[in-house]
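Dear colleague,

I am passing on the structure that you asked about, and my notes on it follow below the display. Please read them with the model open.

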Amino acid sequence: MIKGVIENKINEIEIEISKSDPLKDIGFFSGEIGIAIFYNQMYEYYKKEEFREKPRERLVNTFDLINEGYKSTTICSGISSVLIGIKQTNSESLVDSLTIEVLNKKVIESVKIMIERRNFDFLHGSTGIIWTLLLFDKIDIDVVSYYVDSIYKVLKKVSKHRYSIVQTRNEEGKLVNFINLSLSHGLSSIIITLAKIASKNISVAKAKYILTKLCNFIICEKLKNIEALYPSFSRIFNPEIMSSRLAWCYGDIGIMLSLQKASEVLDIPEWQNEAKLILANSIQRKSIVDTKVYDPMLCHGSGGLTAIFHALSLKYNDVAINNIKDYWLNYTLKLGSQKNGLAGFTKLYDNIQIRPDISVLSGIGGIGLMLLSVLDNSIPDWYTFFMID
């Protein structure tokens, strides 16, 4: 029965995507290459000819935007994730090698500027771009080493501000005193990226030094007598900050994944044990007030939790993890029955439920991708964009 419900919902999502205008961004999370990957997964699962050419159509939209002057290179909206998307949709033959070389050069030039400006954000900065570079068969070791060296120099400074390698910016773009611990914008994604860098034998000593500093820093932020075990931001500047949501973007999940990856590289049992404690606690958290899961999106909603617990259930073959995956899956499907929604789904924006777009991160495209992975009982390549593998 649940298979039929999922397939019907995927069909609804595909119909809405096919009727919608192309997205204005090109990247995986917010743009056309994410929809190309959705249609590639549709074809891989259903083997229907009607889906075969859809990734190519989205790729054409992507390059139309690039030729019109689209400049973003971030993993969220830009060129770096397009280059990986071309690979994941088996579209290499559709793009000539010179074009790939030119785009890659743009990505390298822009990430160097971001690093110089100490923009180590994942979705909108250098960490996300470095993450994509690590997914290529041939890695630009020089720029990856530059990324590591830059963070290393910051952490060698004798000041509590040395951990402010990811700080929040206000509406005027000025840095404010928030040290971000999250996966989407903060220290957790930096830790996972550095763990992968070290595993590829690049700048190993410095990467391990940074990993040790950052992981120990995060563990010192642990909360007591509260549902969440960690805050979203360090309490160095904001001691009143307490609980965090349960989501891909912010909260305990990202910290759990980062400690897992770091412990695999440095072989530190304490970090692995802490990751297990966070996972066990996260499995128990179902209260909507506590988790703040108010919509089904992959970024901050139940769809993202379903994807994460789906991957973990396949990795560990654990009954409790599989059960919580089913819980958030059913919750997601339940949210897909809104009359004013897109394919029945709405998203929360400024405390109001609104119609989402078709994108992966905060739209129905991401929900569709997640549902396809559950149906296929697999961890597809696109999970790497979310640092889940």
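The largest nonpolar core has 130 residues, a nonpolar core being a set of buried Ala, Val, Leu, Ile, Met, Phe, Trp, Tyr and Cys residues joined through side-chain atoms within 4.5 Å, where buried means under 20% relative accessible area, exposed over 50% and partly exposed in between (1.4 Å probe, protein chains only). Among the residues with the most contacts inside this core are Phe28, Trp248 and Phe386. Phe28 is in contact (heavy atoms within 4.5 Å) with residues including Ile37, Leu369, Trp382 and Phe386, leaving aside neighbours within four places in sequence.

This is a predicted model, in which local features need pLDDT of at least 70 and side-chain atom pairs count only at pLDDT 80 or more, whereas totals for chains, interfaces and linings use all residues. Residues are numbered from 1 along each chain as its sequence is written, and side-chain values use heavy atoms, with hydrogens and water left out.

Helix H1 covers residues 2-19, helices being DSSP runs of H or I with at least four residues and strands runs of E with at least two, numbered from the N terminus. The buried residues of H1 are Ile6, Lys9, Ile10, Ile13, Glu14, Glu16 and Ile17. They lie on the same side of H1, because they cover an arc of only 165° around the axis, taken from the directions from the helix axis to the C-beta atoms. On the other side of H1, Asn8 and Lys19 are exposed.

Serine 182, in the loop between strand E2 and helix H9, counts as buried because its relative accessibility is 2%.

Best regards

Note on methods:
The expected span of a helix is 1.5 Å times one less than its number of residues.
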